[in-house]
Every structure is written in C-alpha cells, then in structure tokens.
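Dear colleague,

Please find below the structure that I am handing over to you.

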2 protein chains.
Amino acid sequence: MQHNSQSYRSHCPINFILESLGDKWTLLVVRDLLFKGKRYYGEFLASDENISTNILANRLEKLETNGIVSRRIDPEHKSKIIYSLTEKGKKLLPMMLEMTYWSSQYDNCSNVDPAFAKEFERNREGLIKRFLEMS
Amino acid sequence: MQHNSQSYRSHCPINFILESLGDKWTLLVVRDLLFKGKRYYGEFLASDENISTNILANRLEKLETNGIVSRRIDPEHKSKIIYSLTEKGKKLLPMMLEMTYWSSQYDNCSNVDPAFAKEFERNREGLIKRFLEMS
DNA sequence: CTAATCCACTTGTATTTTGCAAGTGGATTG
DNA sequence: CAATCCACTTGCAAAATACAAGTGGATTAG
C-alpha cells in the first residue's frame, strides 16, 4: 500500500500528489478535517457524498500511512478514535482553497458563499491564516 | 459521462472538482498541457507515467466534455489533432502550482527545481503570471 | 451483573474501472 | 500504390468500488 521511492510512476510533483490523494474520495476526508471540524469515523461516514465504510477505512489507512492524518484514542471515550491532520495535512490548505475558488467559478450550483470568492481575491493570505487558526 | 446538476454527489466545491479531475490520470494531461507544451495525443502517451491509450482517450473526452480542453485539427497536418486548454483549464494553474509546491516539500525524491520553492514563496503572483504567459 | 447499544471497522459479492496487448481506418509519405 | 503515421477502438483479465451485512470490544441502561 505504501510507496517506496522506486514504486512511483515518476517523480513529477503533480504525479506525487496524485499518488497520495488522487481519487474521488480521499480529499473529501481532508476537507472534513480541514473545514468541517470532523474527527470521528462516524462523522466522515455521514458526509453528503455517501462514502462506503470499507472505502473510508481504506482511505484513512492510506492517509495515515502517508503521514497526512494521525489517529489517537479519545481520552474521554476510550472506544472512540480521534482523527486529525498532521502538519503535512494542514499544508494542503492553500491547494484546497484554490480548488474551492475554481469550483466556485465554474459550478453553477455551487454552495460556496459568494463572499468567499471576493475575500479570496482581495486577501488570500489573510484567509489562509484564518482557516489555519480554525483547524 | 457528463454531469447534470442532479447527478453530482453534492455541490461542495471540493467534490465538484473531484468529479471533474479526481483520479490518478486526468491532471497529468492538464500538467502536460500547462507546463510541458504538449499538444498531440502521441505526446501525452509518451509521458513518463505510461498512461494506457484507452485511458488517455477517455480522459481527453471527459476533459473536453467538461470544457477544460478543446480539440481542433492541425491546419498544417490534417490528420493530426491539436489539444489545448480552455480558459477554464488555464485557471487550474494556481492549484497546480500549490500542488507542485506541496510535493516539493514532501517528496524526498522530487524532481522540482529547488529554486522553484523559493521563488514561489517570495513571488507567487509573479510566478503565476509568467507561467500563464508561457501557456 | 447483564443485556442492549455504540463504535470502528471487516467481510462477501456483484458491478465497474483499469491495465495491457492488439487491431483499425483514414491521411500522409516515400 | 505500398508502407507508415496518427488517433484512437476493442477484447479481456485483474483490480478497485459500491452496497449490504456482520463482528468484536467498550460503554450505557436497567
């Protein structure tokens, strides 16, 4: 499941990120962690896109293997597991915001707050900082 | 193959971009158009990652359907087809540069020029403009 | 103390997508 | 006019995905 340096198709940076995150589900988990404050398996399962439980388990495992997500036991409920983003995971924020901005321009049913696009154009750095403090 | 507004799993912007571009191959084609000046089917086929010809044909079709890539006949060789990015496709550049920057930080075999990361940190807007003029 | 419930998964199976090899058909070149 | 180039298409085996059901340990309710 994990890559060693020889198993990559190439060392192009675009290819590198695609081999870690390039599928239809993985970034939805990152989104839930980054923007929606989700932390539990059951919370990811409950997202609008209806991810299946085996796919979710597999993606969380890959994300942990790749050092993007970490797991720990909830100290208050010892049968629960808390997922969170590592530093490496949090550094995906600027890319995620660019994705959000692009989609807000081209999805005519987008649920992005129109104020976001304006704020992003006007004060991108400030927005990034604010989101980082949140997460 | 194409989406209508009801067929999306959700209207989350991250989900929107994933449904257009979220797989292990599509963005490699965008990369070749954006950064490598490729224009012909055979050039995409020849990339380092070894995309299969049926997958390439399928992804080019989806990209065209989604308005990210356009096709025209090469006026100088009428049996050749030139692929190029639309405006919508070119607007993926900032996201692609964020991906490149992230990978350059975390792939220890990255082939990204170390000067890129420094320039990106120092003068992101200028870099984006320069790349856009190129493409 | 015990039964029911919650939680984070795992398992099984049908369907879909992918990867690989080979082939096609029209335009161009020699 | 035969060979080659180009942009695909086809067939098939292997892998990944979707959906439904089940599991096993910890917590809660009575």
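**Domains of chain A**

The centres of domain 1 and domain 2 of chain A, taken over C-alpha atoms, are separated by 21 Å. Please note from the outset that the model is a predicted one. Domain 1 of chain A covers residues 1-86, and domain 2 of chain A covers residues 92-135. In the contact between them, 4 residues of domain 1 of chain A meet 4 residues of domain 2 of chain A. On the domain 1 side of that contact, helix α2 (residues 26-35) of chain A gives the most, with 3 residues. By class, this side of domain 1 of chain A has 3 nonpolar residues, no polar residues and 1 charged residue.

**Overall form of chain A**

Chain A has 8 helices and 2 strands. Read from the N terminus, its elements follow the order α-α-α-α-β-β-α-α-α-α. The C-alpha trace of chain A spans about 45 × 40 × 25 Å along its principal axes. Chain A has 135 residues, of which 30% count as buried. Taking the contacts in chain A between residues at least 6 apart in sequence, 40% join residues at least 24 apart.

**How the two chains are related**

Chain B is superposed on chain A by a rotation of 180 degrees, with 0.0 Å of shift along the axis and an RMSD of 0.0 Å. This is therefore the relation of a two-fold axis. In chain B, the C-alpha nearest the axis belongs to D23(B), at 2.1 Å from it. The same surface serves both copies, as 100% of the contact residues of chain B recur in chain A.

The contact itself takes 38 residues from chain B and 38 residues from chain A. On the side of chain B that touches chain A, α1, α2 and α6 (93-106) of chain B each supply at least two residues. The element that gives the most to this side is α6(B), with 10 residues. The residues of this side of chain B divide into 17 nonpolar, 11 polar and 10 charged.

**One residue in detail: K24(B)**

K24(B) lies in the loop between α1 (13-21) and α2 (26-35) of chain B. Is K24(B) buried, exposed or partly exposed, and why? K24(B) is partly exposed because 16 other C-beta atoms lie within 10 Å, whereas a buried residue would need 20 or more and an exposed one 12 or fewer. Leaving aside residues up to four places away in sequence, K24(B) touches L18(A), G22(A) and D23(A). Within chain B, K24(B) and L60(B) are 36 residues apart in sequence, and their C-alpha atoms are 14 Å apart in space.

**The surface near DNA strand D**

Which residues are the closest to DNA strand D? DNA strand D is surrounded by 18 residues, and the closest are K78(A), S79(A), Y41(B), G42(B) and N54(B). Elements from both chains take part in this surface: α4 (53-65) of chain A, α3 (41-45) of chain B and α4 (53-65) of chain B each supply at least two residues. By class, the surface near DNA strand D has 5 nonpolar, 10 polar and 3 charged residues.

With kind regards

Conventions: Residues numbered from 1 in each chain as written. Chains lettered and ligands numbered in written order. Predicted model: local features only at pLDDT ≥ 70, side-chain atom pairs only at ≥ 80, totals over all residues. Helix = DSSP H or I, 4+ residues; strand = E, 2+ residues; numbered from the N terminus. Contact = placed C-beta atoms within 7 Å. Near = placed C-beta within 6 Å. Nonpolar A, V, L, I, M, F, W, Y, C, P; charged D, E, K, R; others polar. Least-squares fit on C-alpha atoms with pLDDT ≥ 70 in both. Domains from an automatic or database assignment.
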